Amino acid sequence: MRYLLTLHMNPTLWATLDDDQKTAVYEGHGAFTQLITESGEMVETKALAEPAETKTVQVKDGVVQTKNGGFVDSEAFLCGYYVVDVESEARAVELAAKIPDAQYTAVEVRQVVHEA
């Protein structure tokens, strides 16, 4: 089963972390990536740009409308994800707890129900 593990950034919270904590998060991602690569559970991972670098596109009455920023108007934003291929939801949750972001925000675990 494949699961999407989403990471969310809160810039206000991030600003409260000291340099050692930030370094631990970065290094923790390296260790996590190595863990899931070596276990064969890694499918892919991506880091995403901040909302200020994002365009949101909608079509209303056949007219394409774009705006700067993300779809959800919130201080916290989707900043990256991992896709893992695991035996169970329990394993996906176990892996999510190993992602350093889980210490400060949260990691969402969502099953992938369709792939093309």
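Okay, hi everyone. The model is predicted, so local features need pLDDT of at least 70 and side-chain atom pairs count only at pLDDT 80 or more, while totals for chains, interfaces and linings use all residues. Residues are numbered from 1 along each chain as its sequence is written, and side-chain values use heavy atoms, with hydrogens and water left out.

Let's start with the overall layout. The chain has three helices and six strands. By helices I mean DSSP runs of H or I with at least four residues, by strands runs of E with at least two, and both are numbered from the N terminus. Reading from the N terminus, you get β-α-α-β-β-β-β-α-β. The C-alpha atoms fill a box of roughly 50 × 40 × 20 Å along the principal axes. Of the 116 residues, 28% count as buried. Buried here means under 20% relative accessible area, exposed means over 50%, and partly exposed is in between, using a 1.4 Å probe and protein chains only.

Now, aromatic rings. How many aromatic pairs does the structure hold? Two. For a pair, the ring centres of Phe, Tyr or Trp (its six-membered ring) must lie within 6.5 Å; planes under 30 degrees apart are stacked, over 60 edge-to-face, and the rest tilted. Take Trp14 and Tyr26: their centres are 5.7 Å apart and their planes sit at 65 degrees, so this pair is edge-to-face. Trp14 is in helix α1 (residues 11–16) and Tyr26 in helix α2 (residues 19–38), so the pair ties together parts that are 12 residues apart in sequence. Trp14 is buried, at 19% relative accessible area, whereas Tyr26 counts as exposed at 56%.

Then there's Phe32 with Tyr82, also edge-to-face, at 4.8 Å centre to centre and 75 degrees between the planes. This one links distant parts of the chain: Phe32 is in helix α2, Tyr82 is in strand β5 (residues 77–85), and they're 50 residues apart. Both Phe32 and Tyr82 are buried.

Next, empty space. Rolling a probe the size of a water molecule over the atoms shows where empty space is left. On a 1 Å grid over the protein atoms alone, a cavity is a set of points where a 1.4 Å probe fits but cannot get out, and lining residues have an atom within 4 Å of a point. Grid points are joined across faces, edges and corners, and the volume is the space filled by probe spheres set on the points. The count is one cavity of 30 Å³ or more, and the largest cavity has a volume of about 70 Å³. Its lining includes our friend Trp14, along with His8, Met9 and Tyr104 among others. Strand β1 (2–9) and helix α1 each supply at least two of the lining residues.

On to charges. A salt bridge is a side-chain nitrogen of Lys or Arg within 4 Å of a carboxyl oxygen of Asp or Glu, and there are six. One of them joins Arg2 and Glu115, at 3.0 Å from N to O. Arg2 is in strand β1 and Glu115 in the segment after β6 (107–111), 113 residues apart. Arg2 is partly exposed at 28%, and Glu115 is partly exposed too, at 49%.

Another salt bridge is Arg91 with Glu94, the closest N and O atoms being 2.9 Å apart. Being three residues apart in helix α3 (residues 89–98), these two are separated by about one helical turn. Glu108 and Arg110 also meet in a salt bridge, at 2.7 Å. And salt bridges that share partners join Arg2, Asp85 and Glu115 into one network.

Last stop, Asp61. Most residues other than glycine have a negative phi. Asp61 isn't a glycine, yet its phi is positive, about 55 degrees. Where does Asp61 sit? In the loop between β3 and β4 (63–68). Asp61 is exposed, with a relative accessible area of 82%.

And in strand β3 (residues 55–60) you'll find Val57, which is exposed at 53% relative accessible area. That's it from me, thanks!

Technical notes: On a 1 Å grid over the protein atoms alone, a cavity is a set of points where a 1.4 Å probe fits but cannot get out, and a pocket is an open set with protein on both sides within 12 Å along at least five of seven lines; lining residues have an atom within 4 Å of a point.
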